[in-house]
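Here is a quick tour of one protein model, written for someone who has it open on screen. Keep the sequence to hand as you read.

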Amino acid sequence: MTVAAALVAVAAGALTFAIAATVFSHHSANHDEGVYLTQAALLLGGQLEFHAGPLADAFHPWFFIEDGGRLYPKYNPVPAATFAASMWLFGEPRVTLAAVAAGNAALVYLLGSQTFGRRAGLAASVLFAASPMAIATSSAFLPYAPTTFFNLVFAVAYLRGIRDRSLAAAGVAGVAIGIAFFSRPYTAVLFAAPFIAHALWRVGAAVRRFGAETGRSTPRAFAALGRRALALDRSGELPGPIRRQGLTALFGVLFVGVTLAYNARMTGSPLVFPYQEFAPMDGPGFGERRILGHSVEYTLELALESNGYALAEIATRWFVAGPLGTALAVGGVAAALWGWLADGDVGGLVGRTSGGAARVADGGDVDESSGAPAPSDSPAFRRTAAALLAGVAGSVVVGNLYFWGTHNALADLSDPTDGLASLFGPFYHFDLLVPLAVFGGLGVAVGWRGLTAARERLAARGVSPAVTRVALAVVVVSAVAVAGVAAVDAASEPIDRNAAVGEKLEAAYAPIDETTFEDGLVFLPTPYGEWQNHPFQYLRNGPGLDGDVVYALERDPVENFAVLDAYPDRTLYRYAYHGVWGVSPEAHVVPKLEALDRRSGSTIDPETTVGVPDRVARAQVRVDPRRGAPGGPDHVSYTVSDPGESLAVDWAVTPSGARLPGSESGAGGNASEPVPFDPDGDVIAVTVTLVDPEGATYTYRQEVTVRVTDDGERVEAVWPPERSTCRLVTECGNEGTYLPDEPDTHPEWVVFETDAEASDE
């Protein structure tokens with residue numbers, strides 16, 4: 001059975017690695033992945049934050065807090081540290097994903113075995129590992145599976161500490177739940193709540209027994225034991241439960257202290273978590289909840305609606321085999337209740353007997369139902385373990401009502417294919433998979449026991465062994481086939497949706513993947529605002545903001561020039577795309593990576609040639625700076641009638657402004673006058689708008705970033721300009737990005753060529 005469980009764990013790890021390397025090769029639609037991987041790189045570099053100084057806005061990653069040139073993440077570093085470990089050891093963070101998935105499957109086996117026997121534990125491991133939410137979430141660089149790993153270590157070690165009277169196991173439990181708290185405090189508290197209640201109950205019972213044995217009242221007994229714990233009284237040992245639960249609590253509290261120390265280091269206050277510093281209204285609670293520009297009045301009614309929908313999604317889509325798997329879990333709960341009501345144990349239902357002879361409890365361990373000395377693996381212990389698992393289910397469900405994250409992840413409650421939950425499931429309920437899998441494992445074990453009993457009854461009635469084996473084989477094969485088809489069907493839908501996102505991202509990043517960078521500096525667009533890794537989380541900076549390639553945000557021209565000045569010797573690129581970037585997997589874009597250079601001189605003389613289709617009546621040429629400067633016109637323009645098959649436009653940029661020296665061939669009064677621009681940095685737009693007799697237009701637009709040098713005698717430009725072509729409007733952003741090598745993105749007659757010479761006169 002142990003070998004089979006090991007195979008399940010290895011299979012879970014291998015599947016996770018394969019999905020991570022293929023479906024999520026360029027990461028997912030959840031941009032938290034970029035946060036954790038950036039944080040992991042920082043940790044490997046011996047840093048907790050970026051030190052970007054005055055360029056912080058140009059390098060500001062998604063979900064990072066800016067504090068005086070310092071950039072640090074809103075998330076605690078434990079998940080990132082697990083990714084950093086495999087980056088350091090193997091150069092591949094996906095190894096952590098595989099190890100965590102395998103570890104979770106193995107730990108669920110141990111937990112199920114402790115509670116209901118090895119057969120139930122093996123089935124529980126399979127049910128957990130095959131659940132769509134476990135498959136999808138474990139394959140991405142997200143914190144939920146790693147935190148569950150530490151929660152599971154805690155649960156297994158805590159129960160081992162009770163069963164085996166082991167101080168070492170109790171200490172491991174404390175360390176594990178402390179790390180889980182450091183990882184995701186609220187998640188760890190919800191998981192540990194039933195165990196904390198149980199520990200307090202056991203300690204209270206031990207204090208009362210000690211008081212009864214020594215003739216002390218409970219308060220006096222508690223005080224006496226407290227003196228022993230502090231070594232002020234060496235007259236006797238502490239009772240076993242107090243020693244073990246105290247050790248668990250001690251290590252857990254130590255890591256709470258580590259968490260508070262981390263808070264103090266990052267935010268300046270031990271009681272202010274980084275996520276609170278980023279968005280003070282983003283934590284648990286009702287009323288107004290807000291993060292960045294998104295807010296909602298989170299009421300109990302909305303919480304019940306959202307979480308009810310999430311639970312329904314888990315029951316029908318995100319637990320293994322959908323409704324069939326949920327039915328197994330419900331059946332397991334019913335079997336456990338039936339066994340306990342019938343004879344106080346489920347051993348008879350699963351063909352299990354108590355493990356080993358009873359050992360007299362040391363230091364006060366007793367059967368928690370009768371008060372008698374407890375064996376190491378008794379019905380009372382198994383009832384306790386099952387009750388704690390049921391408590392985890394309750395605390396996770398109830399606790400998540402108090403947090404609005406589930407509501408956000410679901411997006412549209414009427415559409416199961418919308419929001420991040422459509423790709424990963426209601427991941428804030430990830431720990432709910434544990435009790436579902438364990439009770440589902442009991443359901444499988446009870447079913448198997450029922451088949452074994454049926455075989456025995458058939459044999460007792462004289463049915464031939466061959467017929468019995470065939471009949472049972474048909475039942476088992478049918479059940480496995482139905483369950484397998486249901487499991488594959490449930491898992492394939494979210495994987496297919498994530499695969500569609502992956503295909504979109506792979507196409508979008510193709511120019512990056514095809515380029516070998518050496519001291520590169522790449523400017524990135526900002527479709528979702530001035531955030532790095534939102535959406536382009538695949539394009540991340542190293543901890544020193546250096547290396548073979550550095551990514552900077554395309555922003556205000558003054559700020560862009562500040563970045564260029566800070567990296568004067570790098571090869572420059574601009575990443576752009578044609579289309580509209582959106583969350584839908586169908587919202588594909590056509591990318592390009594364009595090499596840039598800096599041109600300077602007393603005059604920059606560009607020439608632009610554009611193609612003209614038939615039936616164009618006139619063309620209007622216009623130059624206007626984005627900012628401009630006082631003391632002159634805000635634009636210049638001229639009109640060309642009957643431009644022919646192509647139109648060449650000469651324009652010039654000097655420290656005094658931009659002008660159209662070729663305007664004499666067209667109509668327009670002020671076209672040859674210079675248009676002043678902001679000398680510190682500006683964007684000059686040059687447009688050629690073609691107009692047909694019915695008034696429809698087609699515009700060639702180019703925007704060049706320029707500034708005047710400090711001596712005021714020269715002008716500097718980033719070349720080539722950003723080019724776009726637009727129907728009916730003169731500006732259409734990325735939707736009209738010109739891609740000369742992609743003819744399907746524009747009409748066949750479109751020609752858009754531009755070049756410039758810089759000269760000193």
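Predicted model: local features only at pLDDT ≥ 70, side-chain atom pairs only at ≥ 80, totals over all residues.

## D565 and its two arginines

D565 comes out as partly exposed, at 39% relative accessibility (partly exposed is the range between buried, under 20% relative accessible area, and exposed, over 50%, with a 1.4 Å probe and protein chains only). R707 forms a salt bridge with D565, and their closest N and O atoms are 2.9 Å apart (a salt bridge needs a side-chain nitrogen of Lys or Arg within 4 Å of a carboxyl oxygen of Asp or Glu). R707 sits in strand β17 (residues 697–708) and D565 in helix α22, so this pair ties together parts that are 142 residues apart in sequence. R707 counts as buried, at 16% relative accessibility.

D565 also meets R598 in a salt bridge, at 3.1 Å from N to O. Here helix α22 (residues 557–566) supplies D565 and strand β9 (residues 590–601) supplies R598, so parts that are 33 residues apart in sequence get tied together. R598 is partly exposed, with a relative accessible area of 29%. Helices (H or I, at least four residues) and strands (E, at least two) are DSSP runs, numbered from the N terminus.

Residues are numbered from 1 along each chain as its sequence is written, and side-chain values use heavy atoms, with hydrogens and water left out.

The protein chain has a mean pLDDT of 89, and 88% of its residues reach 70 or more (pLDDT is the predictor's confidence in each residue, from 0 to 100). Residues 353–376 are where the pLDDT is below 50, though this stretch has 54 contacts in the model beyond near neighbours in sequence (a contact means heavy atoms within 4.5 Å).

## Other salt bridges

In total, the structure holds 29 salt bridges. One of them joins the side chains of E703 and R701, at 2.9 Å from N to O. Both ends are buried: E703 has 15% relative accessibility, and R701 has a relative accessible area of 11%. Elsewhere, salt bridges that share partners link E49, D67, R70 and R265 into one network.

Three strands make an open sheet in the order β1-β3-β2, with antiparallel pairing (two strands pair if DSSP finds at least two bridges between them). β1 (50–51) and β2 (64–67) are the edge strands, each pairing on one side only. Four bridges connect β2 with strand β3 (residues 70–73), and E66 stands opposite L71 in β3.

Then there's the hairpin of β4 and β5, with two residues between the strands. L292 in the turn has a positive phi of about 50°. Strand β4 (residues 287–291) runs antiparallel to strand β5 (residues 294–298), and five bridges join them. E288 has E297 in β5 as its bridge partner.

## A nonpolar patch

On the surface, L44, W88, L89 and F90 form a nonpolar patch with about 520 Å² of accessible area together. Patches take residues with over 30% relative accessible area and no salt bridge, joining like charges within 9 Å and nonpolar side chains (Val, Leu, Ile, Met, Phe, Trp, Tyr) within 5 Å. The areas come from the Shrake-Rupley method with a 1.4 Å probe, and for residues only the protein chains shown count as cover.

Helix α3 (residues 78–90) gives the most to the patch, with three residues. L44 belongs to helix α2 (residues 32–44) and is partly exposed, with a relative accessible area of 40%.
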